[in-house]
Amino acid sequence: GQRPQGAAQKPLELPTVRSIITVASGKGGVGKSTTSVNLALSLAAKGLKVGLLDADIYGPSLPRMMGLRDAKPTHSDKEGKMVPPSAFGIRIMSIGFLVDEEQPVIWRGPMAMGALEQLLRDSDWGELDVLVVDMPPGTGDIQLSMAQRVPVTGAVIVSTPQDIALLDARKGLNMFRKVNVPVMGLIENMSYYKCPECGHIDHVFDHGGARKAADELGVPFLGEIPLDLKIRLGADEGKPIIHTDPDGEHSRAYTAIADKI
Ligand code: ADP
């Protein structure tokens with residue numbers, strides 16, 4: 001078949017970025033972006049300098065989740081680079097800042113990859129301890145080119161208890177292995193629902209699927225995030241729960257994971 005465009009080029013260099021962590025999932029809607037945002041804020045709360053890149057070119061949601069719907073990058077003097085908008089002390093870059101939210105992105109693969117490379121390369125990230133990258137769902141060209149073109153430190157995989165059965169975790173894992181990206185572990189999102197009134201716990205989407213898959217695949221299990229209204233509202237309103245309720249039970253679930261990565 002045809003080689004994806006850019007595959008033979010030399011790797012992108014990001015000298016001011018110390019590590020890159022990608023957040024991946026088998027399919028959309030499992031909470032990958034929500035997890036990326038809250039992990040980024042948890043890492044920042046530990047005193048690290050953190051950036052966030054929205055690599056979900058076809059469905060960027062980070063501007064909304066970070067309360068930056070109307071933000072635009074500004075231009076820096078440094079080699080004509082873009083200065084990413086920032087929120088909660090984190091620099092964020094997303095195709096969502098550059099295209100109209102109402103307009104669907106209909107680029108073919110190579111163009112989407114080109115756009116992603118530009119977001120990475122032409123942004124003035126400043127000194128970063130870690131760049132958290134919210135990947136598109138699945139194992140397509142973008143994932144492959146990301147792994148080949150930038151030095152990814154590791155990948156974390158987000159899944160619900162249920163979709164892990166459907167998600168071809170093995171396929172995803174093999175892809176990361178092939179391109180030498182260490183899998184840092186699996187996160188189970190929407191793992192349980194705890195009634196805020198009585199404390200009763202329900203496993204709405206089943207439970208334990210991600211832990212089981214992690215065991216079977218021989219990768220670390222990083223933790224469980226509950227299904228929770230506050231998490232959803234925070235994401236939708238651009239006020240992540242780690243910011244509004246840093247010491248709450250749900251926030252602690254994220255910080256415990258951030259401690260392991
Ligand atoms: P993805 O990036 O995998 O497509 P999103 O992060 O956009 O998924 O999440 C999909 C929807 O689920 C959003 O409305 C988000 O607010 C909600 N959501 C994600 N994680 C949780 C959670 N733990 N509890 C409640 N709602 C959640």
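Of the 18 residues around the ligand, Gly31, Lys32, Ser33, Thr34 and Arg232 come nearest; a residue counts as near when its C-beta atom, placed from the backbone, lies within 6 Å of the molecule. Helix H1 (32-45) and helix H8 (229-237) are the elements that each give two or more residues to that shell. Keep in mind that this is a predicted model: local features need pLDDT of at least 70 and side-chain atom pairs count only at pLDDT 80 or more, while totals for chains, interfaces and linings use all residues. Residues are numbered from 1 along each chain as its sequence is written.

**Around the ligand**

- H8 is the top contributor to the shell, giving four residues.
- Sorted by class, the shell holds six nonpolar, eight polar and four charged residues. Here nonpolar covers Ala, Val, Leu, Ile, Met, Phe, Trp, Tyr, Cys and Pro, charged covers Asp, Glu, Lys and Arg, and the others, Gly among them, are polar.
- Ile231 sits in helix H8, and it counts as buried, with 26 C-beta neighbours inside 10 Å. For the burial labels, 20 or more other C-beta atoms within 10 Å of a residue's own makes it buried, 12 or fewer makes it exposed, and anything in between is partly exposed, with C-beta atoms placed from the backbone.
- Leaving out residues up to four places away in sequence, Ile231 touches Thr34, Ile241 and His250. Touching, or contact, means that the two C-beta atoms, placed from the backbone, lie within 7 Å.
- Ile231 and Thr35 are 196 residues apart along the chain, yet their C-alpha atoms are separated by 9.7 Å.

**Overall build**

- The protein has ten helices and twelve strands. These are DSSP runs numbered from the N terminus: H or I over at least four residues for helices, E over at least two for strands.
- A compact globule of 261 residues would have a radius of gyration near 18 Å, and the protein's 18 Å agrees with that. The radius is taken over C-alpha atoms, and the globule rule is 2.2 Å times the number of residues to the power 0.38.
- Along the principal axes, the C-alpha atoms fill a box of roughly 55 × 40 × 35 Å.
- Buried residues account for 44% of the 261.
- Take the contacts between residues at least 6 apart in sequence: 79% of them join residues at least 24 apart.

**The eight-stranded sheet**

- Eight strands make an open sheet with mixed pairing, in the order S5-S6-S2-S7-S1-S8-S9-S12. Two strands pair if DSSP finds at least two bridges between them.
- Strand S5 (86-87) and strand S12 (221-224) stand at the edges with a single partner strand each, so one side of each has no neighbour in the sheet.
- Helix H7 (residues 209-217) packs on the sheet, touching strand S8 (154-159), S9 and S12, and its direction makes about 155° with that of S9. Axes are lines fitted to C-alpha atoms, for helices over the stretch in contact, and angles run from 0 to 180 degrees between N-to-C directions.
- Strand S9 (residues 183-188) runs parallel to S12, joined by three bridges. Glu188 stands opposite Glu224 in S12.

- Five of the five residues of S2 are buried, so the strand is largely enclosed by the rest of the structure.
- Val50, Leu52 and Asp54 point one way from S2, while Gly51 and Leu53 point the other way.
- S2 pairs in the parallel sense with strand S7 (residues 130-134) over five bridges, and Leu53 has Val133 as its bridge partner there.

**Loop residues to look at**

- Tyr58 lies in the loop between strand S2 (50-54) and helix H2 (62-65). It is partly exposed, with 15 other C-beta atoms within 10 Å.
- Beyond residues up to four places away in sequence, Tyr58 touches Val105 and Pro136.
- Most residues other than glycine have a negative phi. Phe88 has a positive one, near 55°, and so does Met190, also near 55°.
- Phe88 is in the loop between S5 and S6 and is partly exposed, with 19 other C-beta atoms within 10 Å.
- Met190 is in the loop between S9 and strand S10 (193-194) and is buried, with 26 other C-beta atoms within 10 Å.
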